[in-house]
Amino acid sequence: MKKMYIIRKNYEIQAIISLKDSVKNNYFVLFKRENNLGNFRVVVSVSRKIGKAVVRNKIKRQIKAIIYKKRHEISQKYDIVLIVRDQINTLSFQEKEKYLMELLTKANLLTQ
């Protein structure tokens with residue numbers, strides 16, 4: 001995923017979460033905020049409860065790959081904080097993609 005699609009600063013993440021504009025399902029919690037940039041930005045947060053560093057990094061890579069693959073369908077004017085819940089370990093890659101796209105649709109972040 002390119003740097004222009006990533007949020008790195010903690011104060012930006014906290015500002016997005018503090019607005020409390022969220023959408024949830026059993027596997028993800030999504031917070032969003034409008035930005036004035038020409039593209040969307042995203043950060044993926046995975047708790048230590050989910051597993052060791054190798055497992056958490058694998059989940060982050062998979063989620064970012066899904067988002068990057070679908071980047072042309074996602075609305076370009078939002079910052080997104082995506083928090084992964086504990087039940088994610090039971091899903092395959094295709095199921096993660098399905099539930100993530102359902103969540104993005106529920107949050108009105110898809111441009112279709």
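Let me start with Lys32, which is buried, with a relative accessible area of 11%. This is a predicted model, so please hear every value that follows as a computed one.

Lys32 lies in strand β2. What is it in contact with, leaving aside neighbours within four places in sequence? The list is Ile16, Asp21, Tyr78, Asp79, Ala107 and Leu109. A polar atom of the Lys32 side chain lies 2.6 Å from the backbone oxygen of Ala107. The charged end of Lys32 also sits over the ring of Tyr78, at 5.4 Å from the ring centre.

β2 is joined to β4 by seven bridges, and the two strands run antiparallel. In that pairing Val29 stands opposite Ile83 of β4. Strand β4, residues 78–84, is also joined to β3, here by six bridges, and these two run parallel. Two positions to look up on the screen: Arg41 stands opposite Asp79 in β4, and Val44 has Leu82 in β4 as its bridge partner.

How buried are these strands? In β4, six of the seven residues are buried, so the strand is largely enclosed by the rest of the structure. In β3, residues 41–46, the count is five of six, so this strand too is largely enclosed by the rest of the structure.

Now the connection. Which hand does the β-α-β unit made by β3, α2 and β4 have? The unit is left-handed. I report the hand as computed and leave it there.

While we are on helix α2, Gln62 lies in it. Gln62 has 15% relative accessibility and therefore counts as buried, the cut-off being under 20%. Leaving aside neighbours within four places in sequence, Gln62 is in contact with Phe93 and Lys96.

Next, the aromatic rings. How many aromatic pairs does a search of the whole structure find? It finds three. One of them is Tyr5 with Tyr68, an edge-to-face pair with 6.1 Å centre to centre and 75 degrees between the planes. This pair links distant parts of the chain: Tyr5 is in the segment before α1 (10–18), Tyr68 is in helix α2 (residues 53–69), and they are 63 residues apart. Tyr5 counts as buried, at 9% relative accessibility, whereas Tyr68 counts as partly exposed, at 24%.

Another pair is Tyr27 with Tyr99. Their ring centres are 4.7 Å apart and their planes are at 40 degrees, so the pair is tilted. Tyr27 is buried, with a relative accessible area of 14%, and Tyr99 is partly exposed, with 21%.

Back to Tyr68 for a moment. Ring pairs link Tyr68, Tyr5 and Phe40 into a cluster. The ring of Tyr68 also has a charge over it: the charged end of Arg71 sits there, 4.0 Å from the centre.

Last topic, backbone angles. Most residues other than glycine have a negative phi. Lys20 has a positive phi, near 60 degrees. Lys20 is placed in the loop between α1 and β1. Buried or exposed, then, for Lys20? Exposed, with a relative accessible area of 67%.

Asn108 has a positive phi as well, near 60 degrees. Asn108 is found in the segment after α3. With a relative accessible area of 61%, Asn108 is exposed.

To go back over the main points: Lys32 is buried, and its charged end sits over the ring of Tyr78. β4 is joined to β2 in antiparallel fashion and to β3 in parallel fashion. β3, α2 and β4 make a left-handed unit. Tyr5, Phe40 and Tyr68 are linked into a cluster by ring pairs. That is what I have.

How values were computed. Residues numbered from 1 in each chain as written. Predicted model: local features only at pLDDT ≥ 70, side-chain atom pairs only at ≥ 80, totals over all residues. Heavy atoms only, no water. Phe/Tyr/Trp six-rings, centres within 6.5 Å; stacked < 30°, edge-to-face > 60°. Helix = DSSP H or I, 4+ residues; strand = E, 2+ residues; numbered from the N terminus. Buried < 20%, exposed > 50% of the residue type's maximum accessible area, 1.4 Å probe, protein only. Lys NZ or Arg CZ within 6 Å of the ring centre and 35° of its normal. Pairing = 2+ DSSP bridges. Right-handed = clockwise from strand over helix to strand, strands pointing away. Contact = heavy atoms within 4.5 Å. Polar contact = N/O pair within 3.5 Å; in protein donor to acceptor, adjacent residues only side chain to side chain.
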